[in-house]
Amino acid sequence: SAIFNFQSLLTVILLLICTCAYIRSLAPSLLDKNKTGLLGIFWKCARIGERKSPYVAVCCIVMAFSILFVQ
């Protein structure tokens, strides 16, 4: 489970942010109608991916380097 391993948890969070931002770029109405509640988490992840995209990209590169060369 990714909850017990910190690096796996970070990988899952980065993938969630990138996936939500990509889905919102293809079909914005799919995530925009659920801004609150449990499904609002995906809308918030999409907003993080859009607004903080340089930081998310750097984190993805660092995570890929870590997975490929450190482990």
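Tutor: What follows is a close look at helix α4 and its packing partners. The model is predicted, so local features need pLDDT of at least 70 and side-chain atom pairs count only at pLDDT 80 or more, while totals for chains, interfaces and linings use all residues. Residues are numbered from 1 along each chain as its sequence is written, and side-chain values use heavy atoms, with hydrogens and water left out.

The chain has four helices and zero strands. Both are DSSP runs numbered from the N terminus: helices are H or I, at least four residues, and strands are E, at least two. The order from the N terminus is α-α-α-α. Along the principal axes, the C-alpha atoms fill a box of roughly 40 × 25 × 15 Å.

Now α4 itself. The helix covers residues 53–70, and its 18 residues should span 26 Å at 1.5 Å a residue; the end C-alpha atoms are 25 Å apart, which agrees. The expected span is 1.5 Å times one less than the number of residues.

Its buried residues are Val56, Met63 and Ser66. They fall within an arc of 85° seen down the helix axis, so they line one face of α4. That arc is taken from the directions from the helix axis to the C-beta atoms. An α-helix has 3.6 residues a turn, so residues three or four places apart point the same way. On the other side of α4, Ile61, Phe65, Leu68 and Phe69 are exposed. Buried means under 20% relative accessible area, exposed over 50%, and partly exposed in between, with a 1.4 Å probe and protein chains only.

Take Ser66 as one case. Ser66 is buried at a relative accessible area of 18%. Setting aside neighbours within four places in sequence, Ser66 is in contact with Gln7 and Gln71. Contact means heavy atoms within 4.5 Å.

The buried residues of α4 pack against α1 (6–26) and α3 (40–51). Take α1 next. α1 and α4 pack at about 140°, with axes 11 Å apart. That makes α1 oblique to α4. Axes are lines fitted to C-alpha atoms, for helices over the stretch in contact, and angles run from 0 to 180 degrees between N-to-C directions. Under 35 degrees is roughly parallel, over 145 roughly antiparallel, 65 to 115 roughly perpendicular, and the rest oblique. The crossing is left-handed: the near helix is turned anticlockwise from the far one by less than a right angle, whereas clockwise would be right-handed.

On the α1 side, the residues that meet α4 include Leu10, Leu14 and Cys18. Their α4 counterparts include Val56, Met63 and Ile67. α1 has 21 residues, which should span 30 Å; its end C-alpha atoms are 31 Å apart, which agrees. Thr11, Leu14, Ile17, Cys20, Ala21 and Arg24 are its buried residues. They pack against α2 (28–32), α3 and α4.

Then α3. Its 12 residues reach 16 Å from first C-alpha to last, close to the 16 Å expected. Buried here are Gly40, Trp43, Cys45, Ala46 and Gly49. These residues pack against α1, α2 and α4.

Last, the wider chain. Buried residues make up 21% of its 71 residues. Of the contacts between residues at least 6 apart in sequence, 55% join residues at least 24 apart.
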